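Q: Hi! I have a protein model open and would like to talk it through with someone. Can we start with the big picture and then go into details?

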Amino acid sequence: MAKKVMVIPANPTGISKVAKKNGRKTRVAAYCRVSTDNDQLGSFENQLEYFRNMIDERDDWELAGLFSDEGISGTGTKHRSGFMDMIQACEDGRVDLVITKSVSRFARNTADCLLFSRRLKNLGIPIIFEKEGLNTMDASGELLFTVLSSLAQEESRNISENTAWGIRSKFQQGIAHLNTTSILGYDKGEDGSLVINEEQAVVVRRIYRDFMDGWTVSEISRRLNVEGVPGVHGVAKWYPSTIESVIRNEKHVGDLLMQKTYTSDFLTKRQIANNGKLEQYFIRDDHPAIIPRDEWDAAQLELERREAFRLRHGLRVTGSSIDDPFYSRVFCEACGGKLIRHYWKGCNGAFWKCKNAEKRKGHICQAANVRESTLHSAVVAAWNEIVDSRQDRLTGWEEALETGNALQRHRARLMIAVTAEGPLDTEVPELTRMFLEEVIVHGREELEVHFLDGSRVRVSFEDGAAEVA
Ligand SMILES: [Zn+2]
């Protein structure tokens, strides 16, 4: 299956696209090369026919020649007359563009591939490698040169082995060998491709699920450490940053982002971190996914939402987390401050107080101070109001399923499913964690509950009984 490489443009970019020939048609030469052994790309004649049709179909292209070599297994120097004729036609100025099926079908080894694609590039003639979606004149060509030079190094180390055409399988596998760090949930197959490691994939799925259920990354890491769940290196050593990088990793949805680093000089082969100077390359559906795309997309949006929430409320990046679904989710209407839980023995239950009320000097805020039981009752009353008005709200959720982004769809699906189960008698931490965005405390007996699907319910208490508005 052919993989499409998408180029993520650098900023600023300095590499131009294929030069437009003024007025006249682009003269296109096709080159194909068929090995006698284990040919997957169809017969020789089929390939020629394929390219002839492709060129005919374009109004702005004309055929400058079909060049081919047959029966080549890779190492020999014979049977390359078609290839050399094609190079000659290019050097004679009879060709504007070369198309070929794949990198592995172009030249007999990486050194030749580098040499001739560079030579044509210097003549201003792009080569398009159809299967890999690469064009030597645009940014994707730099990827090709990067990979080729890294493979050329490999080949020179293993000169005794028949590695002349090792590039074939590697390119077909999507160049996964470029990034060799371990990835939770995957092993590297014999050919360098990513293969799911089921034992670790269970942990990956759990991390995404816990995250979407409302656990913070620090809570997730702590729980995995407590349970002794082994990570990618076989030991239970989880940090909040580990969890976040698992959630952000595009490999879990089957994609591959390349050129996180690049070779600055093809002679010294120095690797430099790519912080936007060069394009990055993105292959969608490169390997089997552990997390379905919709769920992965929703998790990325949820990361963004939490970051926006953190900034809006001026919360710290990491704080101690206390497995309490109300932690960092209750705020003072008067000053915007976070409410903090207080509990003393002998006191009649815990209560939550605005953090700004804690300051001894100034007494910035005395507005918000609420019993924990009131907080719990408010969330239950608000939830039950949502359940009661379910019929009216269904339209909105169904619309979100149709037109919303992945996160809105996720929320709508959950609301439709869980509100169908009827009202609550008491606060359920799992549900609070999953559905509550925040509680805004207007006063001791007046609170506004915001749910993550966007629903808001105001609850006031009169003589201990909750009233929703
Ligand atoms: Zn306050």
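This is a predicted model: local features need pLDDT of at least 70, side-chain atom pairs count only at pLDDT 80 or more; totals for chains, interfaces and linings use all residues.

A short chat about this model follows.

Q: What about contacts between residues at least 6 apart in sequence: what share of them join residues at least 24 apart?
A: That share is 61%.

Q: Let's go inside. How many residues are in the largest nonpolar core, and which have the most contacts inside it?
A: The largest nonpolar core is made of 38 residues, and F435 and V439 have the most contacts inside it. Helix α10, which covers residues 372–388, gives the largest share of this core, with nine residues.

Q: What does F435 touch?
A: Leaving aside residues up to four places away in sequence, F435 touches W383, L414, M415, V418, H450, F451 and L452.

Q: And what lies apart from that core?
A: Another core, with 29 residues, lies apart from it; L184, W215, I290 and L407 are among its members.

Q: You mentioned V418 as a neighbour of F435. Where is V418 found?
A: V418 is found in helix α12.

Q: Is V418 buried or exposed?
A: V418 has a relative accessible area of 15%. The cut-off for buried is under 20%, so V418 counts as buried.

Q: Which residues does V418 touch?
A: Not counting residues up to four places away in sequence, V418 touches W383, L431 and F435. There is also a C-alpha distance to look at: V418 and V387 are 31 residues apart along the chain, and their C-alpha atoms are separated by 8.9 Å.

Q: Since we're on α12, how do the axes of α11 and α12 cross?
A: Helix α11 (residues 390–403) and helix α12 (residues 406–419) have axes that come within 8 Å and cross at roughly 150 degrees. Angles over 145 degrees count as roughly antiparallel, so α11 is roughly antiparallel to α12. The crossing of these two helices is left-handed.

Q: Which residues make that contact?
A: From α11 there are R390, L394, W397, E398, A400 and L401, and from α12 there are Q408, R409, A412, R413, M415, I416 and T419. Sorted by class, the contact of α11 with α12 has seven nonpolar, two polar and four charged residues.

Q: New pair! What about the axes of α6 and α7?
A: The axes of helix α6 (residues 198–212) and helix α7 (residues 217–227) come within 10 Å, crossing at roughly 135 degrees. That angle makes α6 oblique to α7. Here α6 passes α7 in a right-handed crossing.

Q: Who meets whom between α6 and α7?
A: On the α6 side are R206, I207, D210 and F211, which meet V217, I220, R223, L224 and E227 in α7. By class, this contact of α6 with α7 has five nonpolar and four charged residues, with no polar ones.

Q: One last topic: S328. What is its phi?
A: S328 has a positive phi of about 60 degrees, although it is not a glycine.

Q: Where is S328 found, and is it buried or exposed?
A: S328 is found in the loop between α9 (293–312) and β13 (330–332). With 15% relative accessibility, S328 counts as buried.

Methods. Residues are numbered from 1 along each chain as its sequence is written. Side-chain values use heavy atoms; hydrogens and water are left out. A nonpolar core is a set of buried Ala, Val, Leu, Ile, Met, Phe, Trp, Tyr and Cys residues joined through side-chain atoms within 4.5 Å. Buried means under 20% relative accessible area, exposed over 50%, partly exposed in between (1.4 Å probe, protein chains only). Helices (H or I, at least four residues) and strands (E, at least two) are DSSP runs, numbered from the N terminus. Contact means heavy atoms within 4.5 Å. Axes are lines fitted to C-alpha atoms, for helices over the stretch in contact, and angles run from 0 to 180 degrees between N-to-C directions. Angles under 35 degrees count as roughly parallel, over 145 as roughly antiparallel, 65 to 115 as roughly perpendicular and the rest as oblique. A crossing is left-handed if the near helix is turned anticlockwise from the far one by less than a right angle, and right-handed if clockwise. Ala, Val, Leu, Ile, Met, Phe, Trp, Tyr, Cys and Pro count as nonpolar, Asp, Glu, Lys and Arg as charged, and the others, Gly among them, as polar.
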